[in-house]
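Please look at the sequence and the model below, and follow the report with both in view.

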Amino acid sequence: MNTQVLLKSRPNGMVEIDNFEIKQSEIPALQEGQILIRNHFISIDPAIRGWMNAGRTYIDGIEIGGVIRSFAVGEVIDSLNTNFSIGDWVEGLLGAQAYAIAEEKGLKKISIGEFSPSWYLGILGMPAMTAYFGLLAKGNPQEGETILISGAAGVVGTTVGQIAKIKGCRVVGIAGGQQKCQYLLGLGFDAVIDYKQENVHERLQEICPQGVHVFFDNVGGEILDTGLLHLARGARVVICGAISQYNDMANIRGIKNYMKLVTARANLTGIIVFDFQSQYPQAMNEISQWIREDKIKYKEQIINGLENFPKALQMLFSGENFGKLVIKV
Ligand SMILES: NC(=O)c1ccc[n+]([C@@H]2O[C@H](COP(=O)([O-])OP(=O)(O)OC[C@H]3O[C@@H](n4cnc5c(N)ncnc54)[C@H](OP(=O)(O)O)[C@@H]3O)[C@@H](O)[C@H]2O)c1
C-alpha cells in the first residue's frame with residue numbers, strides 16, 4: 001500500500017491543513033520502462049505553494065486530487081528499466097508519497113556514502129543549484145563587492161552567502177529573529193539585519209553606506225522595495241523568489257522604488273533554476289568540494305512522517321523552519 005499526500009482543494013490565502021488529504025492506495029503494477037521507488041526523504045519547498053494554484057506558470061499547477069508535487073530521494077525497489085537496478089538511489093520530482101512509480105526522464109542517480117541522501121534535496125540539490133546559478137550567472141559578483149541577501153537564513157540564502165564569501169565578497173543578510181541572525185554571523189556573514197526587530201532601511205544606511213552591488217531577493221514585497229533604495233551604481237538585482245507574497249498572488253505588492261534602477265544604472269533579472277540543468281554536475285562537484293573543505297556548512301530540519309507534510313509546508317511561511325525542511329518518510 002502507498003501513502004500519498006493529495007491536493008484536496010486550492011488554498012485561498014495561507015495554505016491550510018484542510019487543503020490536503022492523506023490517502024492510502026494500492027501501488028499499481030509496473031509497466032515496461034518504469035521504476036518503483038521507496039521514497040525516504042521528501043523536500044518541503046516554497047515553490048509547492050505556487051504549484052497548488054490553478055493554471056500554469058513555468059510549470060503546470062497540481063490537479064485537484066493529484067499527488068502534491070515535490071522533490072524526493074529514494075531507493076529503487078523494483079525496475080522494468082534496464083538503466084535502473086534494485087538498490088540504486090535516485091532523486092527527482094517523485095511527489096509527496098511513500099512510493100513513486102517513475103519513468104527515467106527527470107530521474108537522477110545519486111551516490112550514497114559520503115553525504116546523507118537527504119542532502120540531495122538541499123545543499124546538493126535544487127535549492128543549492130538556485131543559489132549557485134542565481135548568484136554566479138545572474139548576479140556576477142566581483143571580489144570586494146557587497147552582496148545583500150533577503151530570506152538569508154534559508155537553504156538558498158545561506159548557500160548564496162557562503163558562496164559569495166568564497167568569492168571574496170562582503171555579505172549582508174536579512175532574516176527574521178535573533179537566533180537566525182546569530183547563525184548567519186557564525187557562517188561568516190559580515191552583517192545581519194533582523195527585519196522583525198529592526199528598521200531595514202536605517203540599518204542598510206549604516207551597514208552599506210557605499211550601496212549594494214548584488215541584491216539577491218528571496219522575499220519580495222516591502223523588503224525588495226527597501227533594498228532597491230540602497231543599490232550601488234551598476235548593481236544587479238536577482239529576483240529569486242517572493243515568499244512574502246506567495247499566499248496572496250492575486251494582490252501581489254509591486255515595487256514602488258523602481259526609479260532607483262535608473263539612477264543606479266542597475267539591472268533587475270529573474271532566475272528559474274531549471275534553465276541551468278545541463279550545468280548541474282559541474283556545480284555539484286564544486287559545492288561538494290567546498291563542503292569537504294569546510295567552506296560551506298549545512299543545516300537540516302528533519303520532520304518524521306508524511307502526515308506532517310501540510311504542517312511542515314506552513315512552517316515556511318511563519319519562519320518556524322530553521323534549516324532545510326525535509327520530511328523523513
Ligand atoms: N527561482 C527559482 O528557481 C527558485 C528555486 C528555489 C527556491 N526559490 C525561492 O527561493 C526562496 C527561498 O527558498 P528556500 O527554500 O531557501 O526557503 P527558506 O528560506 O528555507 O524558507 C522560507 C523562509 O522565508 C522567510 N519568510 C517567510 N515569510 C516571510 C515574509 N512574509 N517576509 C520575510 N520573510 C519571510 C522565513 O524566514 P525568516 O524566519 O527569516 O522570516 C522562512 O524561513 C523562496 O522565495 C523560493 O521560492 C526560487
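Which domains does the domain assignment of the protein give? The assignment, which is automatic or comes from a database, gives domain 1 (2-122 + 299-328) and domain 2 (126-274). This is a predicted model, in which local features need pLDDT of at least 70 and side-chain atom pairs count only at pLDDT 80 or more, while totals for chains, interfaces and linings use all residues. Residues are numbered from 1 along each chain as its sequence is written, and side-chain values use heavy atoms, with hydrogens and water left out.

**Between the domains**

The centres of domain 1 and domain 2, taken over C-alpha atoms, are separated by 28 Å. To the contact (heavy atoms within 4.5 Å), domain 1 brings 20 residues and domain 2 brings 14 residues. About 1,500 Å² is buried between domain 1 and domain 2, and carbon and sulfur atoms give 66% of that area; buried area here is the accessible area, found with a 1.4 Å probe, that two parts lose on being put together, summed over both. Tyr 58, Gly 122 and Phe 322 supply 32% of the area that domain 1 buries against domain 2, which is more than any other three residues.

Between the two domains there are 0 salt bridges, a salt bridge being a side-chain nitrogen of Lys or Arg within 4 Å of a carboxyl oxygen of Asp or Glu. On the side of domain 1 that touches domain 2, helix H9 (residues 309-318) gives the most, with 3 residues; helices are DSSP runs of H or I with at least four residues, numbered from the N terminus.

**Two buried residues**

Buried means under 20% relative accessible area, computed with a 1.4 Å probe on protein chains only.

| Residue | Helix | Relative accessible area |
|---|---|---|
| Gln 314 | H9 | 14% |
| Thr 158 | H3 (residues 155-166) | 7% |

Not counting residues up to four places away in sequence, Gln 314 touches Met 14, Val 15, Glu 16 and Ile 17. With the neighbours within four places in sequence left aside, Thr 158 is in contact with residues including Tyr 183, Leu 184 and Phe 189. The side chain of Thr 158 also reaches the backbone oxygen of Gly 154 at 2.8 Å, and a polar atom of that side chain lies 3.3 Å from the backbone oxygen of Val 155.

Definitions and conventions
Helices (H or I, at least four residues) and strands (E, at least two) are DSSP runs, numbered from the N terminus. Buried means under 20% relative accessible area, exposed over 50%, partly exposed in between (1.4 Å probe, protein chains only). A polar contact is a pair of N or O atoms within 3.5 Å; within protein, one must be able to donate a hydrogen and the other to accept it, and residues adjacent in sequence count only if both atoms are side-chain atoms.
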